[in-house]
Amino acid sequence: MKGLILKDVMSLKHQLKIFVFVLFGVVVTSILFVLSARFGNLALAGREMLRTEQASDIDVKNLATVALVLFMLLPIATVGDVVNVFQADGKAGFYRIAGAFPLPVSKRLLARFLTIYALFGIGTLIDLVLALVLSSLTDLIRFRDFCGIILSAASVMSIYSALVIFFCILMGYGSQSYAQIFSLLSMGLALILCNLKYCGSLIKAITTDQSGSLDMTIFWRPLDFIKEKFWILVLIAVIVSIVSYVVSLKVALRKRGVI
């Protein structure tokens with residue numbers, strides 16, 4: 001199984017090179033952003049928004065936090081494209097010889113999951129170290145909140161990857177683009193169904209606003225959720241991953257020659 005994991009990692013060799021460059025860029029950019037938000041032009045812009053009452057102190061901090069977090073999530077997103085592994089296997093004709101391997105389908109599939117989650121783990125660990133450094137340089141966000149956001153993002157990417165693996169196995173080689181689309185649609189539909197009340201409140205707040213000074217607190221609820229209740233997303237990611245593995249295994253055993 002170690003050989004299969006190594007094969008999958010080598011399939012992501014191009015992505016890993018991009019990961020290194022992205023990581024370097026993220027480190028430099030994030031540090032510059034934090035310094036600017038504390039001492040430079042971003043700090044001046046924030047004070048000007050407060051002076052002219054264009055935004056509250058919470059709004060300014062949350063806007064800066066969102067911008068900073070988007071930078072930091074790039075390393076996780078870079079290694080999260082599991083589709084490349086399936087495409088590489090298809091081009092190399094690996095599916096045609098996989099059946100001759102002494103390893104059962106269950107272990108071949110497990111190797112695929114372990115490869116992706118190991119890369120997610122590396123990206124998450126690097127982000128946590130970077131968060132520790134950045135939280136010591138700024139008062140925009142606490143290290144605890146950083147951890148919540150990073151773990152939430154890693155959980156969402158894990159859910160996406162688990163669904164992509166399932167749809168890739170279900171539809172077979174050549175349908176990787178459809179697997180990505182169906183995964184995103186499934187996640188989007190689940191998000192809407194689980195947050196119907198919030199979506200209704202958001203639409204009502206926008207449509208009924210007459211003063212032009214919309215209360216922004218309703219927009220920051222998702223950010224507060226992923227900072228404070230990240231464990232819910234982690235739990236969902238674990239459940240989805242296990243279910244995806246079990247269902248994908250059943251499909252793979254029936255279809256044969258898909259992994």
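Biologist: Is Asp-59 buried or exposed?

Modeller: Asp-59 is buried, because its relative accessible area is 12%; buried means under 20%, exposed means over 50%, and partly exposed is in between, with a 1.4 Å probe and protein chains only. Please note that this is a predicted model, in which local features need pLDDT of at least 70 and side-chain atom pairs count only at pLDDT 80 or more, while totals for chains, interfaces and linings use all residues. Residues are numbered from 1 along each chain as its sequence is written, and side-chain values use heavy atoms, with hydrogens and water left out.

Biologist: Which helix is Asp-59 in?

Modeller: Asp-59 belongs to helix α4, residues 57–72. Helices are DSSP runs of H or I with at least four residues, strands are E runs of at least two, and both are numbered from the N terminus.

Biologist: How far is the C-alpha atom of Asp-59 from that of Thr-217?

Modeller: The two C-alpha atoms are separated by 8.2 Å, although Asp-59 and Thr-217 are 158 residues apart along the chain.

Biologist: What about the chain as a whole: how many helices and strands does it have?

Modeller: There are 13 helices and zero strands. Of the 259 residues, 38% count as buried. Among contacts (heavy atoms within 4.5 Å) with a separation of 6 or more, 78% are between residues 24 or more positions apart.

Biologist: Let us turn to α9. Why is it described as largely enclosed?

Modeller: Helix α9 is largely enclosed by the rest of the structure because 23 of its 29 residues are buried. It covers residues 143–171, and its end C-alpha atoms are 42 Å apart, which agrees with the 42 Å it should span at 1.5 Å a residue. The expected span is 1.5 Å times one less than the number of residues.

Biologist: And what follows α9?

Modeller: Gly-172 follows, and its phi is positive, near 85 degrees.

Biologist: Which residues does Ala-179 touch, leaving aside neighbours within four places in sequence?

Modeller: Ala-179 is in contact with Val-164, Phe-167, Cys-168 and Met-171. Ala-179 itself lies in helix α10, residues 176–194, and counts as buried because its relative accessibility is 0%. Its C-alpha is 8.0 Å from that of Ile-165, which is 14 residues apart from it in sequence.

Biologist: You mentioned Cys-168. How many disulfides are there?

Modeller: A search of the whole structure finds zero disulfides, a disulfide being a pair of cysteine sulfur atoms within 2.5 Å. Cys-168 counts as buried at 4% relative accessibility, whereas Cys-194 counts as exposed at 65%.

Biologist: How many salt bridges does the structure hold?

Modeller: The structure holds one. A salt bridge is a side-chain nitrogen of Lys or Arg within 4 Å of a carboxyl oxygen of Asp or Glu. Here the side chains of Asp-145 and Arg-142 meet at 3.2 Å, N to O. Asp-145 counts as buried, because its relative accessibility is 9%.

Biologist: Now for α13. What do its buried residues pack against?

Modeller: They pack against α8 (105–135), α9 and α12 (221–228). The buried residues of α13 are Leu-233, Ala-237, Ser-241, Ser-244, Ser-248, Leu-249, Val-251 and Ala-252. Helix α13 has 26 residues and reaches 37 Å from its first C-alpha to its last, close to the 38 Å expected at 1.5 Å a residue.

Biologist: Take Ser-244. What is it in contact with beyond its neighbours within four places in sequence?

Modeller: Ser-244 is in contact with Phe-113, Ala-162, Leu-163 and Phe-166. Its relative accessible area is 6%, so Ser-244 is buried.

Biologist: Which residues make the nonpolar surface patch?

Modeller: Trp-231, Val-234, Leu-235, Val-238, Ile-239, Ile-242, Val-243, Val-246 and Val-247 make a patch of about 770 Å². Patches are made of residues with over 30% relative accessible area and no salt bridge; like charges are joined within 9 Å, and nonpolar side chains (Val, Leu, Ile, Met, Phe, Trp, Tyr) within 5 Å. Accessible areas come from the Shrake-Rupley method with a 1.4 Å probe, and for residues only the protein chains shown count as cover.

Biologist: Where does Trp-231 lie?

Modeller: Trp-231 lies in helix α13, residues 230–255. It is exposed, with a relative accessible area of 52%.
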